[in-house]
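Hi,

Here is the structure I promised you.

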Amino acid sequence: MIIGKTITAQAHPNIALVKYWGKRRKEGNIPAVGSISITLDTLYSRTSIRLEPALRGDRFIFNGAPAPEAQRRRVQMFLDIFRRRAGRAVFARIESENNFPTAAGLASSASGFAALAVAANRAFQLHLEERELSRLARQGSGSAARSIFGGFVEMHAGTRPDGSDAFAEPLLAPEAWPLRVVICITSRQEKSIGSTEGMERTAATSPFYSAWVSSSKDDLAEIRRAIRGKNFRELTEVSEHSCLKMHGLILSARPGILYWNGTTVELIHRIRALQRDGVPVFFTIDAGPQVKAVCLPEALSDVVGALKRVDGVREVLVTGLGQGARIVEGDG
Ligand code: 2P0
């Protein structure tokens, strides 16, 4: 255990192309379906941990201010896993910062918990390998399991009741197929219904839920093939299908949940028009109104030029594919 020394890790958010929605067990965020994502670069969470024996509970500073109690408790429960593993009940001071707007519709919980898992592993000197870190990060937030790795990443749903086979692993390095991602921010408001609650409601009330779960295996097989063959057309088809199917599913919950606004819809039409003009680009949308356009590098300026002119687009962020979670300070 490293006492009194600050250890900092960095991790990037990821965007799922074949989506995760629904849990087979709530405790530990064990997913009902596998998912495949891309880890971004440029955008990151940087998370520091310092173990301090004098503390009576964990302190959690988020973006420069003490985090609300619910968030602090979530972090403390996450670190309890590490304390149990280490057999040491030492509390910590944690500081986490994102260099992207929290309301950007990028799961800051994914990069945040992935960074915290890597930092805590070092602080408690557990020497866990990445697969185990991915399992642990999942327990903070399901999508965090994927941000342990860079590039194209597959999260396995697994079948074991304890979730020991629900972890992510890398499929393809970021340099191997350097796609670009254009994030169109259409609203800065916090989303009304969080993913965890949205998933629970969908699983409990949608008549389409079982079809969502059973059809995911075909999507995963198709996207693996598209990635292996670097086939952008196939990647487009399966990614847009998974995205629209997930939103259709969410709409069919009771009461239904609609994460989109008018600009979200305008952007979909604009991207479909670009596709008709032969531009290699597709859209994906998560539990919020922002649209992420994924394109081949040569199409980037056309995509940015077209999408930033759509009425209602507040801001456009451009990223590529990045690395997995890693220690950036306090090593050695
Ligand atoms: C995804 N999302 O695959 C899907 C698509 C949002 C839409 O993973 O409850 O914040 O912590 O496991 O990880 C967001 O879910 O949910 C998410 P929990 P998380 O990216």
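**What I found**

P255 sits in the loop between α7 (232-251) and α8 (262-276); helices here are DSSP runs of H or I with at least four residues, strands are runs of E with at least two, and both are numbered from the N terminus. The peptide bond joining R254 and P255 is cis, with omega at about -5 degrees.

A word on the source: this is a predicted model, where local features need pLDDT of at least 70 and side-chain atom pairs count only at pLDDT 80 or more, while totals for chains, interfaces and linings use all residues. Residues are numbered from 1 along each chain as its sequence is written, and side-chain values use heavy atoms, with hydrogens and water left out.

Now the ligand. It is surrounded by 18 residues, and the closest are Y20, K23, G142, S143 and T196 (near means a heavy atom within 4 Å). Helix α5 (residues 195-205) gives the largest share of that shell, three residues.

Ligand oxygen atoms also make polar contacts (N or O pairs within 3.5 Å) with side chains: 2.6 Å to an N or O atom of S143, 2.8 Å to one of S141 and 2.8 Å to one of R146. The protein covers 93% of the 480 Å² of accessible area that the ligand has on its own (Shrake-Rupley method, 1.4 Å probe).

Cheers

Terms used:
A polar contact is a pair of N or O atoms within 3.5 Å; within protein, one must be able to donate a hydrogen and the other to accept it, and residues adjacent in sequence count only if both atoms are side-chain atoms.
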